[in-house]
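Hello,

Here is the model we talked about handing over. Please open it alongside this note; what was found follows below.

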Amino acid sequence: MMTKRQMKLGAFINLPGQHVASWRYEGTESKRILELDYLVELAKIAERGKFDTIFFADVFGTPIRENSPSGIKLDPLVIISALASVTKNIGLTATLTTTYNEPFHVARRFAAIDHLSGGRAAWNVVTSANDSESLLFGKDKHLAHADRYERADEFLEVVKKLWFSIDSEAFVIDKEKGQYLNTEKVNPVNHEGKWFKLQGTLDTPSTPQGHPVIVQAGSSEAGKELAAKSAEVIFTAWQTLEDAQKFYRDVKSRLAKYGRQPDDLKIMPGTFITVAKTEEEAILKRKNLNSHISPEIGLAYVSTFLGIDVRGYDPDAPIPQENVAIEDKTNPQIRANIVRGIIEREKLTTLRELYEHIAGARGHREIVGTPEQIADQLEEWFLNEAADGFNIMPPTFPEGFNDIVELVIPELQRRGLFRTEYEGTTLRENLGLSVPVNPNNKQSQKI
Amino acid sequence: MTNKKQLKLGAFFMLPGHHAVAWRHPEAKAENVLNFEFIKEQALTAERGKFDMVFLADGVAAGATSAAFGKEHSASFEPFTLLSSLAAVTKNIGLVGTVSTTYTEPFNLARQFASLDHLSKGRAGWNVVTSGGKEAAANFGQDELLHAKRYERAHEFVDVVKKLWDSWEEDAILFNQEEAQFLDPSKVHFINHTGKWLSVAGPLNIPRPVQGHPVVVQAGSSDSGKELAAETAEVIFTAWQTKEEAKDFYRDVKGRMAKYGRSPEELKIMPGIFPVIGDTEEEAKEKYQQLVDLIPESIGVARLSSQLGVDLRQFPVDGPLPDLPHLNEINGNKSRFQLVKDLADRENLTIRQLYQRTAGGRGHREIIGTQVQIADQLQEWFENEAADGFNIMPPVFPSGLNDFVEKVIPELQKRGIFRNEYEGTTLRENLGLKTPVSQFAKVTLQ
């Protein structure tokens, strides 16, 4: 039997829901977002749907502005550590910024989670993007984009060295001779770079996956280069097949110069899905959610995306035309461009139309329809070099998520596009990624 | 029935055991130190024993620069990850993790503990330590901070973390779906802290923790450590060899609290105890001897050298200690240095005898005997203002913890000095500590 190439799926758990007004919607368990039992329920739904991984984003500095529970973010590493012990197969991806952390802590935590979960940990590397975050860490201004990426690049390099500083084979545990470790399998890190100077050894050996899977989310020029060099999964945001294809080819073609194969990196655009048994019902669902957006929230929301403060405007006023140059040419600018593209393509004229349009997917692709219609659209991207898989963004939890697992997943499985059983026990096995070899061992083999 | 005062117990997890070479012990599961199922089993045992908390120590260094590296067990999990995993499989037991204030950011730390407190429904505790040592500093590309500077930073750090926990008042969440008002912005506060070491705007992006604040634990016993504890700590883990010293410490620290507007019962003092349990006293002594015999001389001397800050390899192992540096010259753990030195002086011990005595309890009190003898000694300290409870350090896991739970706990329960059931669902309730009110809450005048 030929093995058909299958898509990879992430479940992007953003509580209480991806949609900005989801907390006011009756199908959302918005009072339970701080409860472990609830997170476990959601992880188990994802596992039932055979998702490759659950994915937790991270951002801080916004709880008051949005006046909704979506500004509340428990620490993603604490969440996935808790979920590790009560799930079996699902990958556990947590976002963590390199801008306000230390490589030693990060290496240690992710190594621990990979051990605790039997090889299911992944780190989504981000660099953070706003000044309100820097103020939480004693910095007046956010690091410039280029500096952040330079730091991130070196940060990753150091973390990987630490992950291999004690090889798992070093543990000889010879009680009789009193030898616990074979110190020849210990490779202390001695790093001196522009951002980090570090000499040390981790207290955790290399992990069941070799090291946790590296995920990357930025789509700027520097982000693409970092991804081509180091990432194994990219989460990205594209509206059209053409744009997604362009990005896909661009990033995959950069891999060769780092000695990597195209398959070593999975590209998974975010996709916001509203599904129902009939198209009418799906459209109605989507409209119903939008009816929960208060103008105050809607206007604050589009302000962030446009880079123009339109709070206090009449929601039925026209969308301001001025194009604001955002100094930091990173995700905010890319998102602003995406939103401008949406306005043009969808011929949106008022602020209300705009916020209703982006209130769910936040610039990611949005698909509304029947299971067949949704599978068609995912299939189209998957078969045409636009995506290796998708990071699925349910509008609400648990209702919208359950709908996807019950309606869309079986349709994808019927088409042979998605697994019916997990291929392996580690995230790497399920994603079809190879296990990285300890570079220190490689060297000694050559000699 | 009168409510007799009861002692509090911590289960100090250090796998595969507290003894320096516990991993060589036939009963030790040395290969299981990174096996979650094994660790989970230990937590469930502790919960069965009605311990107040699991306590995890931590150092941000693998010990790779120590002369004994490779001959000692040297793998462990970072506390947040492990405690979070344990939160999902336990119900009542407190989850206390050690995290240093030296190489971390208060916002990250406040958030991690707040997250753990929510997910565990109010069972988180933070053991505040500062990190000395060159190896730890090198892991962060820094030079080792002086003891006084570390404590100065720690002081401000704890203050900032508490402000962040307080940044959401208890009733900040309105949850008014009808009018799209999730929170009352006047009850979520920027903390705008600017100090010598830290500057943090806030607020936290997590509502007030279930316990108000996760329980704050402190472990240093130096003078600056005592002052920090009197002002901010709710539990102290400490190390004392004799009842007199323990009583002095107990009175000293509790006596410092009034000036911070605190009453003595707001702080629980829990010395570490290394129990070796036998069905007879002889059996316990044999068990202890078996552990001592496992220590290679090289490791014993190396560990003692690092505790005392002197390279002892050049001195005869069966001779006395050489002259030691003055306490002022010690930049590591000052109180432990003093304790080990006093022990050697008091009992006139050779280098070998001294490392044998400190290889298990690492300076903590060792009690070797039957369950009745051990309960007697705990009770004596407890009833004579030397301790409010104890942090139990089993020599070897799982046997040492099992023995304590199956033998000593029932003996303590029989005497009415330890609980038969958990009093509450949060760590604070079980420890008998009150829930703090947000410092930003407006005082309502009556």
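**The A–B interface**

Across the interface of chain B and chain A, 28 residue pairs are in polar contact, both partners at pLDDT 80 or more. Bear in mind that this is a predicted model.

On the chain B side, several elements each supply at least two residues that touch chain A: α2 (79-87), α3 (106-119), β5 (173-176), β6 (181-183) and β8 (199-200). Of these, α3(B) gives the most, with eight residues. By type, the chain B side splits into 40 nonpolar, 22 polar and 11 charged residues.

Four salt bridges also cross between chain B and chain A. One of them pairs Arg109(A) with Glu78(B). Their closest N and O atoms are 2.9 Å apart.

Now the extent. The contact draws 73 residues from chain B and 69 residues from chain A. Together the two chains bury about 6100 Å², with 61% of it on carbon and sulfur atoms. Three residues stand out on chain B: Arg111(B), Leu119(B) and Phe182(B). They supply 11% of the area that chain B buries against chain A, more than any other three residues.

**Cavities**

The structure contains seven cavities of 30 Å³ or more. What is the make-up of the lining of the largest cavity, by nonpolar, polar and charged residues? The lining has 12 nonpolar residues, one polar and one charged.

Best wishes

Notes: Residues numbered from 1 in each chain as written. Chains lettered and ligands numbered in written order. Predicted model: local features only at pLDDT ≥ 70, side-chain atom pairs only at ≥ 80, totals over all residues. Heavy atoms only, no water. Contact = heavy atoms within 4.5 Å. Buried area = accessible area lost by both parts, 1.4 Å probe. Salt bridge = Lys/Arg side-chain N within 4 Å of Asp/Glu carboxyl O. Polar contact = N/O pair within 3.5 Å; in protein donor to acceptor, adjacent residues only side chain to side chain. Helix = DSSP H or I, 4+ residues; strand = E, 2+ residues; numbered from the N terminus. Nonpolar A, V, L, I, M, F, W, Y, C, P; charged D, E, K, R; others polar. 1 Å grid on protein atoms, 1.4 Å probe; cavity = no way out; pocket = protein on both sides within 12 Å on 5 of 7 lines; lining within 4 Å. Points joined across faces, edges and corners; volume = space filled by probe spheres on them.
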